[in-house]
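Let's take a friendly walk through a protein model together. Have a look at the sequence and the structure below, and keep them in view as you read.

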Amino acid sequence: MGNEVELLEHWRELTHQKQQKVLEFVELLKSEPETTPTESDFVPQTPLAKKLWSIRQRAIAAGLQLRKC
């Protein structure tokens with residue numbers, strides 16, 4: 001509940017106009033679909049990122065194999 005208290009503290013410091021902007025922003029957030037990027041959307045760009053992505057993929061595959069056992 002700490003976030004709610006902090007939010008209210010900041011809310012009370014805002015002018016009425018800024019409170020309206022916050023409400024509009026919240027409505028916008030609520031109307032946006034919840035999407036998460038799929039793994040196929042990510043393309044590593046640097047050699048290090050490519051290596052780390054490869055290690056990650058192998059770790060995931062190994063974890064899936066363990067679940068099957």
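Does Lys30 count as buried or exposed? Lys30 counts as exposed, because its relative accessibility is 59% and the cut-off for exposed is over 50%. Keep in mind that you are looking at a predicted model.

## The overall picture

The protein has 3 helices and 0 strands. If you read along the sequence, the pattern is α-α-α.

Now think about the surface. The protein exposes about 6700 Å², and carbon and sulfur atoms supply 61% of that area. Of its 69 residues, 4% count as buried.

## Helix α1

Helix α1 covers residues 2-13, and you can check its length yourself.

How many of the 12 residues of α1 are buried? The count is 0, and α1 is hardly covered.

Next, find helix α2, which runs over residues 16-31 and holds Gln19. Gln19 counts as buried because its relative accessibility is 16%, and buried means under 20%.

Which residues does Gln19 touch, once its neighbours within four places in sequence are left aside? Gln19 is in contact with Trp11 and Leu14.

Val26 belongs to a nonpolar surface patch, together with Phe25, Leu28 and Leu29. The patch has an area of about 350 Å².

Side chains of opposite charge can pair when their charged atoms come close. A search of the whole structure finds 1 salt bridge. Glu27 forms a salt bridge with Lys30, and their closest N and O atoms are 3.4 Å apart.

Where do the two partners sit? Glu27 and Lys30 both lie in helix α2, 3 residues apart, which is about one turn of the helix. Glu27 counts as partly exposed at 46% relative accessibility, while Lys30, the residue we began with, counts as exposed at 59%.

How values were computed. Residues are numbered from 1 along each chain as its sequence is written. This is a predicted model: local features need pLDDT of at least 70, side-chain atom pairs count only at pLDDT 80 or more; totals for chains, interfaces and linings use all residues. Side-chain values use heavy atoms; hydrogens and water are left out. Helices (H or I, at least four residues) and strands (E, at least two) are DSSP runs, numbered from the N terminus. Buried means under 20% relative accessible area, exposed over 50%, partly exposed in between (1.4 Å probe, protein chains only). Contact means heavy atoms within 4.5 Å. Patches are made of residues with over 30% relative accessible area and no salt bridge: like charges are joined within 9 Å, nonpolar side chains (Val, Leu, Ile, Met, Phe, Trp, Tyr) within 5 Å. Accessible areas come from the Shrake-Rupley method with a 1.4 Å probe; for residues, only the protein chains shown count as cover. A salt bridge is a side-chain nitrogen of Lys or Arg within 4 Å of a carboxyl oxygen of Asp or Glu. The expected span of a helix is 1.5 Å times one less than its number of residues.
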